[in-house]
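User: I'm new to this one. Can you walk me through the structure?

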Amino acid sequence: MPAAPGGPRLLLRRLREAMAEPVSPQARLDRIVVVIAANVIAEVCSVYVLRDDNTLELFATEGLNREAVHLTRMRADEGLVGLIAQTAEPLSLSDAQTHPAFSYRPETGEEAYHAFLGVPLLRAGNTLGVLTVQNKTYRVYSDEEIEALQTTAMVLSEMIASGELQGLAPDAGTAARRAVNARGVVLADGIGLGHVVLHEPRIVVKTLIAENVEAEIARLEAAIEAVRSAIDDLVERGDKIGTGESREVLETVRMFAHDKGWLRRMREAVVSGLTAEAAVERVQSDNRARMMRQSDPYLRDRLHDLDDLANRLLRRLTGQEGAGAGAYLPDNAILVARSMGPAALLDYDPSRLRGVVLEEGGPTSHIAIVARALGIPAVGEVENATALCDSGDAIIVDGVSGEVQVRPGPEIEAAYAEMVRLRAKRQEQYRALRDVPAITRDGIRIGLHLNAGLLVDLGHLNETGAEGIGLFRTELQFMVAQRMPSAAEQQALYEAVFAATGDRPVTIRTLDIGGDKILPYMPKLEEENPALGWRAIRIGLDRPALLRVQLRALLRAAAGRPLKIMFPMVATVDEFVRAKAIVDREKAHLRRHGHPLPSDCRLGAMVEVPSLLFQIDEIAQVADFLSVGSNDLMQFLFAVDRENRRVADRFDPLCAAAIRAFRLIAERANAAGCPVTVCGEIGGRPLEAMALIGMGFRDLSMSPASIGPIKAMVLSLDARAIADVIDAEMARAHDGASIRPALAAFAKAHGIPV
Ligand code: PEP
Ligand code: MG
């Protein structure tokens with residue numbers, strides 16, 4: 001086997017010279033294939049680029065028929081080149097023609113060649129094309145040659161990604177810049193058009209080719225050492241103060257930082273002539289390509305950890321710190337991140353944010369709650385979102401369908417712009433309804449209240465004309481904080497809430513933590529079923545200190561004005577009675593110390609654990625009001641995890657069993673004269689809200705964006721008629737089916753906007 005005359009370093013030096021020549025991109029590419037072929041002593045060297053129509057096109061060749069350049073095109077899964085593009089892995093064959101995937105193209109004159117080596121052109125894990133060399137003999141390519149070709153491929157990938165070759169393919173662009181339509185799940189409603197801002201900007205490696213290999217090895221070693229000791233520090237500190245990144249993750253990262261295979265691959269890449277940072281990026285790109293093709297969630301997570309580690313190394317080597325949260329934002333910014341905490345989102349200037357796209361984050365995640373509060377459209381669970389786009393790319397977040405359009409074509413962009421215009425027009429119509437009382441056509445007044453949890457929510461009160469706040473989720477203050485909010489901080493928030501709401505009623509819910517709502521600064525409990533675990537009022541009763549501090553802050557903030565407090569996750573009447581006793585003790589304490597008390601203090605229970613359905617008369621006797629948490633009630637009634645997308649939509653809250661549950665609550669509460677509200681998500685959906693009114697509910701609490709559509713529905717509804725429809729349907733619903741179709745038909749027939 002002939003050894004390459006100059007080795008990989010000489011090859012890279014030659015490539016650098018070729019890159020620097022002031023010639024056209026095509027001439028440069030033509031020169032590059034000649035340099036590569038000469039260096040690895042191959043008769044053929046070809047570059048195939050993936051185009052936006054998903055074909056692989058021959059862009060340059062040394063050795064094959066030149067006429068075939070920009071003419072030979074194949075499907076992205078065709079032939080050996082397609083196989084490499086698909087697998088994102090190198091392929092080395094001593095006799096290519098006997099490989100089952102070999103596809104013969106007569107125009108190229110390939111029949112003379114036997115040995116074949118191809119490597120993918122990768123960037124951030126995406127395949128941009130394929131680089132191949134061929135020989136007439138049946139030779140075997142050495143590991144060094146494969147490595148050298150991969151290193152070279154990286155230089156070519158940068159050329160493609162930079163858009164330099166964009167104009168070369170007739171009638172189409174390269175796939176590196178193609179439009180992508182990705183799918184996720186809706187986190188926050190709305191449509192946003194703008195440009196990508198990476199929450200953790202990709203580190204730009206500017207110098208790819210090493211001047212001095214020994215010096216680069218030393219830089220790489222030093223950076224690895226520094227990152228290792230930083231991780232050791234983190235692990236140690238985490239032990240002492242129990243904060244920050246969880247120990248398990250850090251331990252994994254530490255393990256990777258000592259992974260011999262990973263370190264060896266980076267060193268080899270430097271030896272082949274790359275700078276230390278380019279070597280890290282090359283190995284990271286291979287890793288990302290694996291990650292994208294990995295369907296096992298555990299292995300994907302591990303590859304993500306490795307990716308994080310590579311980022312740490314890159315940051316150290318390039319001196320680029322992540323711009324991160326709070327960074328300067330251009331207008332119309334759409335944040336793209338793998339994951340992001342609610343506090344990080346709040347650090348950005350919301351007036352410039354048009355949307356958020358996350359690789360993680362389900363609909364009930366904290367970031368989703370904050371995005372909704374800020375009115376920023378958001379889509380989560382978008383696979384590989386951060387690898388799909390580059391900073392500054394045009395992007396559309398469709399928080400209605402859950403789609404994300406990266407680099408959309410002009411038709412798509414125009415269609416969305418039109419949709420945004422229509423939505424704005426509809427919003428204007430809703431705004432016109434702001435001061436119109438929500439009264440049905442047959443004269444029944446429906447109370448429309450807001451769900452809130454952050455100060456930014458309070459502005460929506462005046463904007464929407466809501467009657468008050470039906471659910472204030474106090475845990476949000478705790479969830480977005482870096483440490484446990486002090487009594488004074490809690491009191492200050494509640495004072496601000498009362499100042500903003502004035503005379504309008506506010507129902508404050510005590511801390512609903514545990515389950516999916518984890519506080520980063522509280523020790524994490526390992527529970528098999530956290531949704532059924534130690535959470536909400538259970539923590540409040542077992543460890544009353546936390547609850548007492550909160551109740552005292554509430555009672556003091558509401559001095560001289562009415563206060564409504566409700567308890568989450570009440571499962572038995574006894575729990576409510578015990579919580580009430582704690583409130584009474586706090587009141588007595590404040591009275592003793594001469595503090596003014598609320599003018600009126602009412603205590604309510606959330607109905608969200610099904611056991612309360614069987615104590616509904618008793619709870620309606622002892623509580624001053626009830627509030628139906630339909631999100632949890634449906635979760636527990638049907639035993640469907642509200643976080644688990646596979647089952648979350650399995651049962652319709654308008655099926656017979658659910659309707660019986662809702663009706664039972666409304667009828668018994670009304671009969672006992674106990675006010676009842678629905679504050680789960682269904683109260684904010686017009687068709688469901690219409691059904692709830694038909695079942696006897698008169699107060700609904702919802703997110704700000706729902707007030708307009710729900711009021712429009714109420715204004716055109718006859719409450720008696722819908723009650724009759726539900727009665728008739730329930731009398732017939734022997735199979736327990738959903739009555740949604742009947743309700744939809746009713747709405748349509750009566751022109752009710754749902
Ligand atoms: C509910 O469970 O319906 C509810 C309103 O509370 P949360 O969504 O905060 O659990
Ligand atoms: Mg709940």
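Analyst: One term to begin with: a salt bridge is a side-chain nitrogen of Lys or Arg within 4 Å of a carboxyl oxygen of Asp or Glu. This is a predicted model, where local features need pLDDT of at least 70 and side-chain atom pairs count only at pLDDT 80 or more, while totals for chains, interfaces and linings use all residues. Residues are numbered from 1 along each chain as its sequence is written, chains are lettered from A and ligands numbered from 1 in the order in which they are written, and side-chain values use heavy atoms, without hydrogens and water.

User: How is the chain divided?

Analyst: Into domain 1 (7-177), domain 2 (180-199 + 326-419), domain 3 (213-318) and domain 4 (438-749). The bounds come from an automatic or database domain assignment.

User: How many salt bridges does the rule find across the interface of domain 2 and domain 3?

Analyst: One. There is a salt bridge between the side chains of Arg 338 and Asp 308, at 3.3 Å from N to O.

User: And how much area do domain 2 and domain 3 bury between them?

Analyst: About 490 Å², with 42% of it on carbon and sulfur atoms. Buried area here is the accessible area (1.4 Å probe) that two parts lose on being put together, summed over both.

User: Which residues in domain 2 lose the most area to domain 3?

Analyst: Arg 338, Asn 384 and Ala 387, which together account for 77% of what the domain 2 side buries.

User: New topic. What surrounds ligand 1?

Analyst: 14 residues do, the closest being Arg 473, Arg 509, Gly 629, Asn 631 and Arg 642. A residue counts as near if one of its heavy atoms lies within 4 Å of the molecule.

User: Where does the backbone of Asn 631 lie relative to ligand 1?

Analyst: A backbone N or O atom of Asn 631 is 2.7 Å from an oxygen atom of ligand 1. For Ser 630, a backbone N or O atom lies 3.1 Å from a ligand 1 oxygen atom.

User: How much of ligand 1 does the protein bury?

Analyst: Taken alone, ligand 1 exposes 290 Å², and the protein buries 98% of that. Accessible areas come from the Shrake-Rupley method with a 1.4 Å probe; for residues, only the protein chains shown count as cover.

How values were computed: A polar contact is a pair of N or O atoms within 3.5 Å; within protein, one must be able to donate a hydrogen and the other to accept it, and residues adjacent in sequence count only if both atoms are side-chain atoms.
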